[in-house]
Amino acid sequence: MTDDIQQLIQQLCSSGPDEWETAERALCELGPQAVEYLLPLLADSTGNGGVRAQSCLSSIGSGAVPVLRRIRRQGPGRLRRPALQALAELAGGQEIAERDLKAIERLVRVKLVDEQPDELPVGGWLAVRGAQVNDIVQALELGDVRPATVAMGISAAVESENSIEIEGEEERAYRVFITPEFDEWRLIYGDDFINDNWANAVQKLSARCNEAHFYLVDDFDGNNVWWVARNGEDHRGYRTYGDPEWIGDPMPFERSLMVDEDDPLYDPEEHGDYAEGVTDPESVASWISIPPTTISIAEKVGHGWIAVAGGDVTNAAFKGALQI
């Protein structure tokens, strides 16, 4: 049986689709027996072996959990790390032993000491200036707030599962990341949370923090949005597909770009671009906030936090092996 499983593992790493698909089906049918053989492939970051092994483990599902927990307790040592990764992907923190969770927390604290992130993703984000973390937590009604590196926060709120249904209720819980302070600004990420709640969130943040911004850059749909709320009220905003497309009066930085025909710097093309205001969210952020791609040159204060919006759900309920 061992030789047969090893042969299937070799086939799984094959470039031929017929071979690896046949191997994947056979390994999934073996269930828990295949788990120990699949784990070494999770370290394969260059080929397809890691992705296919994770697919197999996901298909095996909860049946793999007892095997993974046993490996974490008893070894072999070379498989303990991939076993922890697989547990996080399959069950979140709920099936990870308390001693492992504490070890992860210690590692996070160590990483936070000299963390220097390069940049943050451009997709959708909220921004507030000079706000205390507690102000953001209270405004968005967040719970289970925990220290996190930037890599960990982005993994949690953007790259991994970041929303789940709350059992027994017609609601969802969301994982949210609050960044360190960069040039006095904190950015807030959470793909599903922002998609479902941005209009309400930016108003709530502004009511607590005086002013809050929302930015969305969706290249796939060609959709750009930027929004500024002050003291709980919408102040100025633009939506590519909005009706109306604009709300509020142009802000001072926009007016500075609205060159009329009598101005010696008048350019017809530029005039057309800025006739009603600025439409590019990243450009707006560079004028009135901080673009996520420039944080490496910004002054960093403090560290980030991951939290949960919705119900009494904790971070442990979300699946995904987070970077640290």
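**Entry 1: Asp183**

I started at Asp183, which is partly exposed, with a relative accessible area of 39%. The model is predicted, so I kept to local features with pLDDT of at least 70. Asp183 is not a glycine, yet I read a positive phi of about 50° there. I placed Asp183 in the loop between strand 5 (181-182) and strand 6. Most residues other than glycine have a negative phi.

**Entry 2: Asn231**

I looked next at Asn231. Its phi is near 50°, again a positive value in a residue other than glycine. I found Asn231 in the loop between strand 8 and strand 9. Is Asn231 buried or exposed? I noted a relative accessible area of 56% for Asn231, which makes this residue exposed, since exposed means over 50%.

**Entry 3: cis peptide bonds**

I then went through the omega values. Which residues does a cis bond join at Pro76? Gly75 and Pro76 are the pair, with omega about 10°. Pro76 sits in the loop between helix 5 (65-74) and helix 6 (77-91). I noted another cis peptide bond between Asp243 and Pro244, with omega about 10°. Pro244 belongs to the loop between strand 9 (233-239) and strand 10 (246-247). Most peptide bonds are trans.

**Entry 4: the chain as a whole**

I stepped back to the protein chain. I counted 13 helices and 12 strands in it. The chain has 324 residues, and 45% of them count as buried. Its C-alpha atoms fill a box of roughly 85 × 45 × 40 Å along the principal axes. I also checked contacts with a separation of 6 or more: residues 24 or more positions apart account for 65% of them.

**Entry 5: helix 2 against helix 4**

I turned to helix packing. Helix 2 (residues 17-30) packs on helix 4 (residues 49-60) at an angle of about 35°, and the axes are 9 Å apart. I read the crossing of helix 2 and helix 4 as right-handed. From helix 2, I listed Trp20, Glu24, Leu27 and Cys28 in the contact. They meet Arg52, Ser55, Cys56, Ser59 and Ile60 of helix 4. By class, I have 5 nonpolar, 2 polar and 2 charged residues in this contact.

**Entry 6: helix 8 against helix 10**

How far apart are the axes of helix 8 and helix 10? I noted 9 Å, with an angle of about 120° between helix 8 (residues 133-140) and helix 10 (residues 191-209). The two helices are therefore oblique to each other. Their crossing is right-handed. On the helix 8 side I listed Asn134, Asp135, Ile136, Gln138, Ala139 and Leu140. The helix 10 side has Phe193, Ala201, Lys204, Leu205, Arg208 and Cys209. I sorted the contact of helix 8 with helix 10 into 7 nonpolar, 2 polar and 3 charged residues.

**Entry 7: helix 13**

I finished with helix 13 (residues 281-288). Which of its residues are buried? I found Pro281, Val284, Ala285 and Ile288. These four cover an arc of only 100° around the axis, so they lie on the same side of helix 13. An α-helix has 3.6 residues a turn, so residues three or four places apart point the same way. I then asked what covers the buried residues of helix 13. The cover includes strand 1 (124-129), strand 6 (185-189), strand 7 (211-218) and strand 8 (223-230). Helix 11 (252-255) is also part of that cover.

Notes. Residues numbered from 1 in each chain as written. Predicted model: local features only at pLDDT ≥ 70, side-chain atom pairs only at ≥ 80, totals over all residues. Heavy atoms only, no water. Axes fitted to C-alpha atoms, helices over the stretch in contact; angles between N-to-C directions. Parallel < 35°, antiparallel > 145°, perpendicular 65-115°, else oblique. Left-handed = near helix turned anticlockwise from the far one by under 90°. Contact = heavy atoms within 4.5 Å. Nonpolar A, V, L, I, M, F, W, Y, C, P; charged D, E, K, R; others polar. Buried < 20%, exposed > 50% of the residue type's maximum accessible area, 1.4 Å probe, protein only. Arc of directions from axis to C-beta.
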